[in-house]
Amino acid sequence: MTKALFAVSECAPLVKTGGLADVAGALPGALADHGVTVRVLLPGYRTVMGQIGKAATVAGYKDLFGGPAKLLACTIADLDLLILDAPHLYDRDGAIYGDATGADWPDNPERFAALSKVAAMIAADGVDGWMPDVVHGHDWQAGLTPEYMHALGVTTPFVFTIHNIAFHGNADAGKLAALGLDPARFTSEHFEFWGQISALKAGIVGAAKINTVSQTYAEELLTPEFGIGMDGILRARQADLSGIVNGIDIDVWNPATDQNITTYKSAAGKSANKKALRKTFGLGPSDGPLCVLVSRLTEQKGIDLLLDALPTLLERDGQLALLGSGDPKLEIALLEAADRHENLSVKIGYDEALSHRMMAGGDVVLVPSRFEPCGLTQLYGLRYGTLPLVALTGGLADTVINASPAALTRGVATGLQFFPINAQALANAFARLCDLYRDNQTWKTMQRNAMKQPVDWETSAVAYKDIYAGLIEPRP
Ligand code: ADP
Ligand code: GLC
């Protein structure tokens, strides 16, 4: 049995802002099937503390970045959790990364340094008599872990997964002492990045192996366009960098058993869900495809491109039901557009159950992202026979088979891709989509193909297991 410690800032079903939580919630179960037991170290945000009930205290810290803290062990949804209960860092109103206005918490460097430091201490001393063979950190929030491991003289291998390079987790150099970092290592070989402390860089430089969440994004990251300043650092670590595509939890996302929907086994069974979805979103009947989009509303997700290209879809009787929240400017622009078009309906908010109903009821799921490390909603779409229309980038390039003439002739297409990633190409894709949708036979073949795609964690869990195995020295 290999023992892995995850250090991660979100984990479904306890706390989620995006796909990172889904990965942290599903990968441990998939690894368990391959002889890897995972304990997930997670901050004890107020919302998490409210869900854990009775938990054993397995460690205590007198002063963890400004206050006392303890480590609680519990099992929820088959996840073996280590919850870092540090009220001065995590027990507050607002969201997990920022306050109600959307501004980052000013002490985020300390909040996630604490997560990283405790991961390092667990690697040093174990917890509960349990000692990890490997520490696996996710995104910048766990990036300082190898720095703290180095300071403690721990040589446990550290694996770092980049879910999104856009977030560097930078802190002012003035925080060196507050974060307990060694000033002698504040250099470009370690975690100094343009005069700041970069948790992301610390993770990349300190990891024995680095991966990201699709093969194409792993290649994109090496370019200035996608590397967002980290491309040079990643090129230097290229030999240790790989791409492992995300899977989804196929028990949670299963149209045959999903409690939120009228269940179905083949795409023919989608119609009751479609009818219900139109009702929920106040959309009338229409001959065109019913598109859905579920997303954080940010620059990354290409919502502005969508707004520009949308007339091409709507003029052809296509419809769009959109659920999302994020950038207030995008929220307002979407709501205004919905006022102008009866075939566009927008719900601002976060609603897990509704997102399932959208996947079941839609004909098409849109993912027009400017960049997308992996993306999960196109995978849900495949599983639910809701064909993805996606930008040709990152994981979207790797998981969707474009309805090109060749793919259609061979009968293997599962969706549509557009490139370059701009409004004109997206509009052209909407025109193609509406033609395809009217070709009933082809559409059905694509739905069948989509629903047959392997979107589970099986292959990727083996890839992670192999990374761990390659790093762990055989015991005498
Ligand atoms: P990212 O992690 O960049 O946000 P992903 O596609 O990997 O993108 O994952 C997003 C996850 O968050 C998916 O599970 C998606 O269904 C969910 N999600 C995003 N916005 C919402 C929302 N408004 N309501 C419900 N689920 C949402
Ligand atoms: C990030 C990426 C997304 C990916 C998710 C989980 O949030 O934006 O593409 O699917 O992490 O790895």
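I take contact to mean heavy atoms within 4.5 Å, and I take helices (H or I, at least four residues) and strands (E, at least two) as DSSP runs numbered from the N terminus.

The model is predicted, so I recall that local features need pLDDT of at least 70, that side-chain atom pairs count only at pLDDT 80 or more, and that totals for chains, interfaces and linings use all residues. Residues are numbered from 1 along each chain as its sequence is written, and side-chain values use heavy atoms, with hydrogens and water left out.

**Helix 12**

I looked up which residues of helix 12 are buried (under 20% relative accessible area, with exposed over 50% and partly exposed in between; 1.4 Å probe, protein chains only). I found Leu330, Glu331, Leu334, Ala337 and Ala338 to be buried. They lie on the same side of helix 12 because their arc (taken from the directions from the helix axis to the C-beta atoms) is only 130°. On the other side, Pro328, Lys329, Asp339 and Arg340 are exposed.

I then noted the partners of the buried residues: strand 13 (290–297), helix 11 (303–315), strand 14 (319–326) and strand 15 (344–348).

**Cysteines**

I searched for disulfides (pairs of cysteine sulfur atoms within 2.5 Å), and the count was 0. I recorded Cys291 as buried at 0% relative accessibility and Cys374 as buried at 2%.

How values were computed. Chains are lettered from A and ligands numbered from 1 in the order in which they are written.
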